[in-house]
2 protein chains.
Amino acid sequence: MFLLNGAPGHYVDVADRGFQYGDGLFETIEVLDGRPLFLDRHLRRLALGCQRLLIPMPAAELLAGEAAKLAQQAERGVLKIIVTRGSGGRGYRQPEPIQPTRLLSLHPYPDYPETFQTDGIRARFCWQRLSVNTTLAGIKHLNRLEQIMARAEWRDDDIQEGLMLDSEDRVVEGVMSNLFAVKAGQLYTPSLAGCGVAGIIRELIVDFARNIGVPLYEIPLDQVEVLAADELFVTNSVIGIWPIKRLEQRVFAVGPVTRRMQGLLNQARVAEAQACSAA
Amino acid sequence: MFLLNGAPGHYVDVADRGFQYGDGLFETIEVLDGRPLFLDRHLRRLALGCQRLLIPMPAAELLAGEAAKLAQQAERGVLKIIVTRGSGGRGYRQPEPIQPTRLLSLHPYPDYPETFQTDGIRARFCWQRLSVNTTLAGIKHLNRLEQIMARAEWRDDDIQEGLMLDSEDRVVEGVMSNLFAVKAGQLYTPSLAGCGVAGIIRELIVDFARNIGVPLYEIPLDQVEVLAADELFVTNSVIGIWPIKRLEQRVFAVGPVTRRMQGLLNQARVAEAQACSAA
């Protein structure tokens, strides 16, 4: 199901700058019990991205209304929102005024085995690097060739995620996820000042850690440090929290901090679905 | 006029990875006397880009036939070719098999004043940096947010081009063009090993310089060196060669090497249009 600028439709003008230049942003949102989870946080990140790219944000109430309309059609699914700078302009120069394109689409929830949550996944390091650009760091923009090239490095279905490094060999995130490491009871996650996507689940975990008094540090991590962690897990809005049970040749146990964060996230998801329901 | 996968049409499925992720490539080609100029070189660069991004290249004969069909409708114009990875796949993971989307479109030639060629243009340095990524360097891919953010830095119509630096403060290229500097009769152009687009006119100028025995060096250039040049010019397939008459506060004369290159390019363009005609 697709809503293109508020109407059913899934064909976009080829002149749209999303197609011409990747000139836009997106959000990927879990739908549970017919409701888009953590929508406020997603719309806040989208607003930050629009501000950064100088795209006028479609009204949050409008997007929320359309999101609710689509989400209610699924018990569980994935809602995607794309906002582009629309058509027009002269080459790279943006049009004046900008009339953004918005696309909302509802997709089936992927058929990930339950064991990815319970037992963990296998991961590898990617060769493809994330390039550093402070303008684009943190936001979920449509220029995703680095992730595509990284994901094309393996076809082994036993490996679920690849960890990406920046040009200075610091580990930044997974191809489709953020990364957390646990060492001696403390949480570490790479800084996203230069590249990477500041995920909504990442943001929640930072909040959880603060609430329960687990120290969390956003610092650069290298491959050796990641491999020396006690626990590793990756996060995004669709997968939630997946423990890493094996990274390259190193095997990890699913540890207590990972389990605690999974519990807190599941509570928050259920509360969120119910809160939406009451609204 | 648009040809989408061989048929008239200018609406693309929103599931196309060009729209979803900027997952593709493009070429911008001058049309003169109803013919696409330097088409062989454009298709060669497109093939290199497809190879780099692991996209199966549509047959060159097919693209050439469609390009000729569109181009014959204009005395002068701009032909754009976009090739994307098509639809499908799971998130960043590419579909198997890949069925690329190809879009050819014909546009009016921009109404640039003749003085941009004869007297030169004004240029500035951009704040937005080009990020370094050797996988993506040189090819004309659809991830163009850096250029869009750079072009958004000025609205003064007296300034026609912005020069972009990489994250190590080396001057790389213009927002929409390649850059050449002349110093003591020798030509210099920035290396594109880490970022930038390897332009077709840039490639021609490298050939011209070799043919007429003007030394040309592809080396890193910093802002001070660029400002200290005797002559500066920018190139692309639509503008040809524009001398820079002013960069920031520094004023340049249009010098003999620039003029000579303009003459050689014009000869090559005319020869190319006639050669196409004979074919």
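Q: Is strand β8 of chain B largely enclosed by the rest of the structure or exposed, and why?
A: In this predicted model, strand β8 of chain B, which covers residues 121-130, has 7 of its 10 residues buried, so the strand is largely enclosed by the rest of the structure.

Q: Which strands pair with β8(B)?
A: Strand β16 of chain B, residues 240-247, pairs with β8(B) in the parallel sense over 3 bridges, and strand β9 of chain B, residues 161-166, also runs parallel to β8(B) and is joined to it by 5 bridges.

Q: And which residue stands opposite I121(B) in β16(B)?
A: That is I244(B), which stands opposite I121(B).

Q: What about A123(B), which residue is its bridge partner in β9(B)?
A: The bridge partner of A123(B) in β9(B) is E161(B).

Q: Which helix goes with β8(B) and β9(B) in a β-α-β unit, and is the unit right-handed or left-handed?
A: The helix is α5 of chain B, residues 145-151, and together with β8(B) and β9(B) it makes a right-handed β-α-β unit.

Q: Switching to L63(B), where is it found, and is it buried or exposed?
A: L63(B) is found in helix α3 of chain B, which covers residues 60-71, and the residue is buried, with a relative accessible area of 0%, where the cut-off for calling a residue buried is under 20%.

Q: Which residues is L63(B) in contact with, leaving aside its neighbours within four places in sequence?
A: With those neighbours left aside, L63(B) is in contact with L43(B), L46(B), M57(B), P58(B), I81(B), R102(B) and L104(B).

Q: How many residues apart in sequence are L63(B) and L104(B), and what is the C-alpha to C-alpha distance?
A: They are 41 residues apart in sequence, and their C-alpha atoms are 8.4 Å apart in space.

Q: Now chain A: how many helices and strands does it have?
A: Chain A has 8 helices and 17 strands. Its radius of gyration is 19 Å, close to the 19 Å that the globule rule gives for 279 residues, so chain A is as compact as a globular protein of that length.

Q: What does the C-alpha trace of chain A span along its principal axes?
A: The span is about 55 × 45 × 35 Å.

Definitions and conventions:
Residues are numbered from 1 along each chain as its sequence is written. Chains are lettered from A and ligands numbered from 1 in the order in which they are written. This is a predicted model: local features need pLDDT of at least 70, side-chain atom pairs count only at pLDDT 80 or more; totals for chains, interfaces and linings use all residues. Side-chain values use heavy atoms; hydrogens and water are left out. Buried means under 20% relative accessible area, exposed over 50%, partly exposed in between (1.4 Å probe, protein chains only). Helices (H or I, at least four residues) and strands (E, at least two) are DSSP runs, numbered from the N terminus. Two strands pair if DSSP finds at least two bridges between them. A crossover is right-handed if, with the strands pointing away from the viewer, the path from the first strand over the helix to the second runs clockwise. The radius of gyration is taken over C-alpha atoms; the globule rule is 2.2 Å times the number of residues to the power 0.38. Contact means heavy atoms within 4.5 Å.
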